[in-house]
Amino acid sequence: MAFNEAQKAAIAHGKGPAMVLAGPGSGKTTVITHRILHLIRECKVNPTNILVITFTRMAAKEMKDRFLKLSNYEYGTVTFGTFHAIFFAILKHAYHYRADNIIRTQEQMDFLKNQIRLYELEVTDENEYAGQILSEISRVKNERFRLDEYEPVNCSKQIFSKIYDRYEKMLHQRRMIDFDDMMVYCYELFTQRPDILTAWQNQYQYILIDEFQDICRAQYDVVRLLTEPRRNLFIVGDDDQSIYGFRGAKPDIMREFERDYKEAAMIHLNTNYRSDAHIVMDAGAVITHNQNRFKKDITTVNGAGAMVQVHEFETVEDENTFILQQINQISAE
């Protein structure tokens, strides 16, 4: 398979940290899977010492399947998983948690709806309001806010603090954790038990993270602990494609990565193999209005293609109707 120079540099990167800014359609999954193979075959890294982290189970499965196919199913001991899966595995070893220790969403919602009634909060939609409070609890944990410094959006600071404290007390009494606790507890475990941290640092000596722009503070803090002292952290992302701000994702952490890993290699995957030139050019014109970003010069190997059409709609229903009409028209051709 032919690679461009930037892809070759990313695949062959040796020890130490690296940031790969991967624009849309730039072949980042191919780069990651070939880099894993390079580490094993050329750098003689034990496959059991490689950890690959993605943000969804589907992405982890796809990455693993592509790597196994690439390697002729030879190196099945490379670890692929989501942040939650990896962190929960660590907690299982330390605290003997099981799947039934993870609180279910419905249990969380039932508890919070009871709190709404307890504090006689006037809400239009109880389910929606409980979901909003749950999101705020998640944000506090994801961004590692101190509770007394957090300014809630959906209720007073006093009420939110009481609900938060009661929620945490309920979890502890029932020996339950939520998904955000997996990150919080891992950080606490690693900072309080250096022996356990050292064991996991020796286990995962090379860490690769996909879609790094969607990382949150708690995840990043745990990863930073894990990568010491070797600092073999290889991140791939695009701050222009961050989509999880609602749950605490902070693309600004990519800027922090530059400060925290000053020796990191910086590699730009700027060639788009997916889109036509008009799409690349117009998308670039839109995103340049964001000044807080890494500057990129995305090009494409494809032709100009059709002009990009812009449509505005009064309502979501109008937009959906238009899209449906377009799908039917294309299907009929």
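## How H8 and H10 pack

Helix H8 (residues 179–192) packs with helix H10 (residues 217–227) at an angle of about 30°, and their axes lie 9 Å apart. The two are therefore roughly parallel to each other (angles under 35 degrees count as such). Axes here are lines fitted to C-alpha atoms, for helices over the stretch in contact, with angles from 0 to 180 degrees between N-to-C directions.

H8 passes H10 in a left-handed crossing, where the near helix is turned anticlockwise from the far one by less than a right angle. On the H8 side, the contact (heavy atoms within 4.5 Å) is made by Met183, Cys186, Tyr187, Phe190 and Thr191. H10 brings Ala218, Gln219, Asp221, Val222, Leu225 and Leu226.

## Where the model comes from

This is a predicted model, in which local features need pLDDT of at least 70, and side-chain atom pairs count only at pLDDT 80 or more, while totals for chains, interfaces and linings use all residues. Numbering starts from 1 along each chain as its sequence is written, and side-chain values use heavy atoms, leaving out hydrogens and water.

Now to helix H3 (residues 57–70): its buried residues (under 20% relative accessible area, 1.4 Å probe, protein chains only) are Ala60, Met63, Phe67 and Leu68. They sit on the same side of H3 because they cover an arc of only 125° around the axis, taken from the directions from the helix axis to the C-beta atoms. These buried residues pack against helix H2 (28–41), strand S2 (50–54) and strand S3 (79–82).

Turned away from that side are Met58, Lys61 and Lys69, which are exposed (over 50%). Just after H3, Asn72 takes a positive phi of about 60°.

Notes: Helices (H or I, at least four residues) and strands (E, at least two) are DSSP runs, numbered from the N terminus. Angles under 35 degrees count as roughly parallel, over 145 as roughly antiparallel, 65 to 115 as roughly perpendicular and the rest as oblique.
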